[in-house]
Amino acid sequence: TYALEHIFETFSQWRQSQHDAVKRVAELIARHAVADDKITQRLHGVMHRLNNPSLRVAFVAEFSRGKSELINAVFFSGMGRRIMPASAGRTTMCPTEMGFDTRSPQGLYLLPIESRRVNRSLMHWRAHLDEWIFLPINPDQPDSIAETMQHVTHTWGVSVDEAHELGLLDAEAPSISNSNPTIEIPKWRHAMLNIDLPLLRQGLVVIDTPGLNAVGVEPELTLGLLNQVDAVVFILAADLGVSQSDLDIWQDHLMPPTESEHNRLAVLNKIDVLWDSLTTDEDIDAQLHSQKLAVAE
């Protein structure tokens, strides 16, 4: 975590220096009137981006790739316990952002799934936090925070008609049997954890997304968020490599629009499943090297 804090501080200094340089260029061309409105608008857009203190990183994966566990290890290890739910099976059922805003009290903000009945964007709801369910937290009580974060795993059963009304029933999904006329959906549309941690205080925003192979997990929010972040970490399992569904997600939603964009990172997780007492360290290293080449291809 200390190394990440140092890297983030270096990045912040670089961003400020670039902002100042672009500002000088904009002032120079304005003084000599050598640029049209399009160039001027682009320069101001670059300055606005560089002046934004936040760095938004989304973690994306299928179910059971260890995504929430990786977030726990990287960002919450200093608390001595898991903060994000990371038990076997389904965990995060709605997009969950973690950041720190001094203007709002620390706690978990939950947007009810019923908000889908109103045609409003997530940006609209961000400006109306009074419509969210707020659960306060004490940053000095990790056990209590972890218990509060269990809310992002909550689901409930609704009728087929209600699922249709909420837009959470795939029209191409198999018909629901009469013996089981209810559908399990997430209880929350979106969640935001506001907590004072060193990296988050510096402007980092971490987004934990639901498994993208889930049915009815607010796909337009999950996938829409990916177009608004600075980087995407795509997590794969070392023992599986790239499955067909992994490949579909990459090609349909994560592949960079142009070859010049380098904000997509593929991470091989769960390398410990390759370790056993009958395999030598050399054999394990060879397996990892082979998997890395296959995944990169």
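**Close-up views of the predicted model**

**View 1. Phe59 and Phe76 touch the most other members of the largest nonpolar core, which has 32 residues.** A nonpolar core is a set of buried Ala, Val, Leu, Ile, Met, Phe, Trp, Tyr and Cys residues joined through side-chain atoms within 4.5 Å. Buried means under 20% relative accessible area, exposed over 50%, partly exposed in between (1.4 Å probe, protein chains only). Elements supplying at least two residues each include strand 1, helix 3 (67-75) and strand 3 (107-112). Helices (H or I, at least four residues) and strands (E, at least two) are DSSP runs, numbered from the N terminus. A second, separate core has 20 residues, among them Trp132 and Leu236.

This is a predicted model: local features need pLDDT of at least 70, side-chain atom pairs count only at pLDDT 80 or more, and totals for chains, interfaces and linings use all residues. Residues are numbered from 1 along each chain as its sequence is written, and side-chain values use heavy atoms, with hydrogens and water left out.

**View 2. Helix 9 (residues 244-254) buries Asp246, Ile249 and Leu254.** These residues lie on the same side of helix 9, because they cover an arc of only 60° around the axis. The arc is that of the directions from the helix axis to the C-beta atoms. Gln244 and Asp252 are exposed on the face turned away.

**View 3. Tyrosine 109 and phenylalanine 134 form a tilted aromatic pair.** Their centres are 4.7 Å apart, with 45° between the planes. Rings of Phe, Tyr and Trp (its six-membered ring) pair if their centres lie within 6.5 Å; planes under 30 degrees apart count as stacked, over 60 as edge-to-face and the rest as tilted. Tyrosine 109 is buried, at 6% relative accessible area. Phenylalanine 134 is partly exposed, at 32%.
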